[in-house]
Amino acid sequence: MAIIIDENTRVVVQGLTGREGRFHALRNRDYGTKVVAGVTPGKGGTDVEGIPVFDTMVEAVAETGANASIIFVPARFTADAVYEAADSGVGVIVCITEGVPAHDEAKFVDYVHHHHPGTVLIGPNCPGLISPGKCNIGIMPGEITLPGGPVGLVSRSGTLTYQAVHELTQRGIGQTTCVGIGGDPVPGTGFIDCLSRFEADPDTRACVMIGEIGGSDEETAAAFIASEMTKPVVAYVAGVTAPPGKKMGHAGAIVSGSKGTAAAKIEALEKAGCRVGRNPSEIGELMAEVLKGV
Amino acid sequence: MDLFEYQGKQLLARFGVPVSPGEAADTVDDAVAASERLGYPVVVKAQVQVGGRGKAGGIKLANGADETRRHASNILGMDIKGHVVRRLWIEKASEIVEEYYASFTLDRAAKKHLGMVSAKGGVDIEAVAEEDPSAIARVHIDPLVGIQDCHARQLVFGARLNPAARSGAIAILKSLYRAFVELDADLVEVNPLILRPDGSVHALDAKVSLDDNAGFRHPEFEDFRSLASADPREQMARDRGLNYIGLDGEVGIIGNGAGLVMSTLDVVNQAGGKAANFLDVGGGAGAKTISNALEVITSDPNVRSVLINIFGGITRCDLVAQGILDGFGSIDVKVPVVVRLDGTSAEEGRAILAANPKDGLVPAATMLEAAGRAVELAKSGGAA
């Protein structure tokens with residue numbers, strides 16, 4: 001099994017006719033993903049390499065039975081695209097676009113959660129997700145993954161996700177699903193949502209969680225792991241030596257409840273019983289050890 | 001993007017937040033002229049983007065031209081926690097009855113806007129949060145609904161502000177929230193917000209941080225940016241559209257994706273070295289971006305070796321390899337460059353580098369090996 005997406009996922013690509021959208025949609029299709037439609041207002045009736053293009057999401061879903069969407073539109077049109085996707089009834093929305101204004105993000109995440117509580121929004125500013133051998137939605141290079149599990153992976157970072165998957169695959173450790181939740185301030189889906197799905201997935205026997213400095217999501221996830229997870233978690237946090245990044249002023253520091261440092265996050269995760277790697281290579285090493293015990 | 005106090009105040013004033021009349025001044029003579037126009041007493045304030053200006057002697061009251069002259073010449077050029085003062089804000093002095101704190105920001109955990117007000121203003125609010133958290137009233141606001149009167153009342157009554165300040169504070173909170181949303185700010189903070197003897201409430205300081213991602217709908221952001229950074233390396237990188245942060249080590253870093261670059265800095269540190277910078281070429285970087293990055297990094301005289309760590313997803317390693325060769329062709333690369341390529345088109349990329357060997361270009365198979373090699377080369381004085 002896998003979480004969120006599998007062989008029954010049918011994807012519509014918002015922004016299919018753009019350069020990025022076209023490139024990655026075709027790559028996803030080559031991987032075996034059922035890419036069934038594209039949406040570009042004004043280009044309905046055309047096609048991209050046999051993938052039909054529609055003017056609206058509602059039409060695309062009605063005509064093709066799509067149940068997931070991936071968004072490649074530029075940042076200034078992203079909020080609009082998310083609202084359109086949510087209202088069309090698809091159950092999964094994957095938003096790749098980076099550079100989305102935080103105020104837009106706060107609104108559409110709020111909207112999806114309240115008005116479409118069953119819909120999973122991944123991103124924005126994320127690499128997407130892949131259930132190896134079944135479905136790849138996003139920009140992750142599918143060839144670095146290994147189908148068959150038993151590891152579920154969730155990460156706030158993009159390329160660091162690839163590095164971690166690479167470390168697992170190099171050691172012959174397969175993955176059930178790898179989710180890049182994105183590093184923006186208000187991700188549609190967080191660590192805990194993914195971890196609880198992995199906990200419930202019978203084929204996932206252990207998890208990898210990759211965090212980075214800023215905010216307090218890792219600390220919150222650590223508390224969840226300690227109280228709710230029976231499956232082992234190997235973690236990694238990037239940014240131990242990074243200087244304080246974006247200054248959010250005093251108000252931000254108060255909100256996070258800690259300084260958002262890597263050291264604080266690592267400590268919280270270790271306290272929760274996670275094995276924490278000191279570099280990406282150790283993610284693979286530690287997972288190999290952990291799997292011997294489960 | 002953090003703004004200076006005077007920029008923040010000018011922006012907040014547009015939304016109806018009452019601020020004192022004032023003028024920016026870059027020289028002592030300008031400061032005196034501004035003081036004369038405003039009328040004494042005035043306050044001479046250092047414009048730096050760091051807290052603790054007052055304690056450092058960067059804020060002084062002046063009752064006449066001589067005092068303005070003396071304070072301005074002391075403060076201009078002053079170093080406050082590594083920030084050199086290049087501009088002053090001269091403003092009409094205010095009489096203060098009480099000092100409060102007010103801010104709006106985005107609470108990442110709650111995924112909502114967060115308003116905060118405290119009757120203990122004018123001091124380090126983090127210390128208040130630590131010692132007496134109940135002294136700060138907090139209210140979450142649904143971003144789809146926006147601030148309502150009830151939110152502002154909850155903040156003002158919750159913080160137990162002086163009854164005389166209530167109506168003024170409620171009005172300011174609503175203006176402040178409107179500024180927060182309409183300016184696409186990550187943070188608007190007024191500390192202190194003051195109650196004056198006549199009962200009016202007034203913003204005596206302003207801290208505004210704007211969301212760079214929203215620049216496309218705020219052309220005025222560009223005006224603020226030009227004044228922001230003094231680091232010539234950062235300016236050079238910005239001119240080339242690169243995401244760069246200058247550090248003080250000796251290993252120059254180029255990578256793709258913030259997480260991977262941060263991880264690369266950590267691994268260099270574990271290998272016994274220190275990074276000279278953070279440079280994220282982002283997703284889908286082409287040859288030009290890579291050669292630009294190499295140019296920026298190698299212009300830093302502290303850099304003794306360069307580590308290029310790319311895991312291609314949206315980025316193609318063959319284009320990266322081409323960019324590295326272009327860089328070696330167009331600029332004088334005096335330090336060794338260690339390159340690790342993996343992911344999309346990595347084999348093609350490695351083949352391109354192997355077919356075009358250059359002095360000082362060192363391929364590495366893994367991230368750890370690459371970091372170790374770069375640190376070693378930096379320490380041995382950069383000879384490959």
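## Helices and strands in chains A and B

The buried residues of helix α7 of chain A pack against α6 (191-200), β12 (206-212), β13 (233-238) and α9 (262-271) of chain A. This is a predicted model, in which local features need pLDDT of at least 70, side-chain atom pairs count only at pLDDT 80 or more, and totals for chains, interfaces and linings use all residues. Residues are numbered from 1 along each chain as its sequence is written, and chains are lettered from A and ligands numbered from 1 in the order in which they are written.

Helices (H or I, at least four residues) and strands (E, at least two) are DSSP runs, numbered from the N terminus. Two residues are in contact if their C-beta atoms, placed from the backbone, lie within 7 Å. A residue is buried if 20 or more other C-beta atoms lie within 10 Å of its own. In α7(A) the buried residues are D217(A), E218(A), E219(A), A221(A), A222(A) and I225(A).

Helix α3 (residues 75-88) and helix α4 (residues 102-115) of chain A pack with their axes 10 Å apart, at an angle of about 5°. Axes are lines fitted to C-alpha atoms, for helices over the stretch in contact, and angles run from 0 to 180 degrees between N-to-C directions. The two helices α3(A) and α4(A) are therefore roughly parallel (angles under 35 degrees).

Two strands pair if DSSP finds at least two bridges between them.

| Strand | Partner | Bridges |
|---|---|---|
| β8(A) | β9 (residues 135-138) of chain A | four bridges |
| β8(A) | β11 (residues 174-180) of chain A | three bridges |
| β2 (residues 42-46) of chain B | β6 (residues 88-92) of chain B | five bridges |

Three residues separate β8(A) from β9(A) in a hairpin, and G133(A) in the turn has a positive phi of about 80°. S131(A) stands opposite C135(A), while G128(A) has G180(A) in β11(A) as its bridge partner.

In chain B, four strands form an open sheet in the order β1-β6-β2-β3, with antiparallel pairing. Its edge strands are β1 (22-25) and β3 (59-62) of chain B, each pairing on one side only. Neighbouring strands of this sheet are turned by 20° against each other on average, direction ignored. Helix α3 (residues 65-75) of chain B packs on the sheet and touches β2, β3 and β6 of chain B.

Methods: Buried ≥ 20, exposed ≤ 12 C-beta atoms within 10 Å, placed from the backbone. Parallel < 35°, antiparallel > 145°, perpendicular 65-115°, else oblique.
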